[in-house]
Amino acid sequence: MPITPELLELLACPLCHGDLHVDEARPALICPACGLLYPIKDDIPILLPEQAERLQPANGSPDTTPPAA
Ligand SMILES: [Zn+2]
């Protein structure tokens, strides 16, 4: 099943429960708040922090901002 906007609304980052964004470049979901990229395998998002890739921190934004609960 492809990642639809409706499905994307149901998904949240397992760490901060924030919104996820689809990476345009490759099948993956990005949590900008955590700076993590969750891979999508066989159309299934792998929302496991231990499987996520750390993104380069956005320019200027500190990596230590606590997630909003
Ligand atoms: Zn997050």
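Entry one, the whole chain. I noted at the outset that this is a predicted model. I looked up the elements and found 1 helix and 5 strands, which run α-β-β-β-β-β from the N terminus on. I then checked burial, and of the 69 residues of the chain, 14% count as buried. Turning to contacts between residues at least 6 apart in sequence, I found that 22% of them join residues at least 24 apart.

I looked up the largest nonpolar core and counted 10 residues in it, among them Cys-13, Leu-20, Ile-30 and Ala-52. Strand 2 (28–31) and strand 3 (36–41) each supply at least two residues of this core, and strand 2 gives the largest share, with 4 residues.

I placed Ile-46 in the loop between strand 4 (44–45) and strand 5 (53–54). Why is Ile-46 partly exposed? I counted 14 other C-beta atoms within 10 Å of Ile-46, and therefore it is partly exposed, because a buried residue would need 20 or more and an exposed one 12 or fewer. Not counting residues up to four places away in sequence, Ile-46 touches Tyr-38, Pro-39, Ile-40, Lys-41 and Gln-51. Last, I looked up Ile-46 and Ala-28, which are 18 residues apart along the chain, and their C-alpha atoms are separated by 8.6 Å.

Note on methods
Residues are numbered from 1 along each chain as its sequence is written. This is a predicted model: local features need pLDDT of at least 70, side-chain atom pairs count only at pLDDT 80 or more; totals for chains, interfaces and linings use all residues. A nonpolar core is a set of buried Ala, Val, Leu, Ile, Met, Phe, Trp, Tyr and Cys residues joined through C-beta atoms within 7 Å. Two residues are in contact if their C-beta atoms, placed from the backbone, lie within 7 Å.
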